[in-house]
Amino acid sequence: MNQRRDTYRAALQREPDTAAPRHTKVARLHTRYVRVTIEFDPALPRELTRWVEPPVSAVLRVGAAVLRPLTGTT
């Protein structure tokens, strides 16, 4: 158990790899009891678009196909 704790503490104190510098946005929240660091990857919007675009476009196509006969009967 001590080895696991020591390994964990060493990992927390280790410096991040500097081989591939990445430009990230960092938001820090420091209070008396909590310290939180959130890193935002600048490629996140591109990744979200890549994963969200196909299902959204499929829903739009289905909606258009459903509404087409309804608008034709009016």
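The secondary structure of the protein chain comes to two helices and two strands, where helices (H or I, at least four residues) and strands (E, at least two) are DSSP runs numbered from the N terminus. Read from the N terminus on, these elements follow the order α-β-β-α. The model is a predicted one, in which local features need pLDDT of at least 70 and side-chain atom pairs count only at pLDDT 80 or more, whereas totals for chains, interfaces and linings use all residues. Residues are numbered from 1 along each chain as its sequence is written, and side-chain values use heavy atoms, with hydrogens and water left out.

Of the 74 residues of the protein chain, 1% count as buried, a class that means under 20% relative accessible area, with exposed meaning over 50% and partly exposed lying in between (1.4 Å probe, protein chains only). A27, which lies in strand β1, is partly exposed, with a relative accessible area of 32%. The C-alpha atom of A27 is separated by 5.2 Å from that of I38, although the two residues are 11 residues apart along the chain.

Strands β1 (25-30) and β2 (35-40) each supply at least two residues of the lining of the largest pocket. On a 1 Å grid over the protein atoms alone, a pocket is an open set of points with protein on both sides within 12 Å along at least five of seven lines, where a 1.4 Å probe fits, and lining residues have an atom within 4 Å of a point. The lining consists of V26, R28, H30, R35, T37 and E39, and these residues divide into one nonpolar, two polar and three charged.

Helix α2 (residues 44-72) has 29 residues and reaches 41 Å from its first C-alpha to its last, close to the 42 Å expected at 1.5 Å a residue, the expected span being 1.5 Å times one less than the number of residues. The helix α2 bends by about 35° at V52, and a proline, P54, follows within four residues; the bend is the angle between axes fitted to the seven residues ending at a residue and the seven starting there.

The structure holds one salt bridge, defined as a side-chain nitrogen of Lys or Arg within 4 Å of a carboxyl oxygen of Asp or Glu. In this salt bridge the side chains of E47 and R50 meet at 3.4 Å, N to O. Because they are three residues apart in helix α2, E47 and R50 are separated by about one helical turn. An α-helix has 3.6 residues a turn, so residues three or four places apart point the same way. E47 is itself partly exposed, with a relative accessible area of 32%.

How values were computed:
Nonpolar A, V, L, I, M, F, W, Y, C, P; charged D, E, K, R; others polar.
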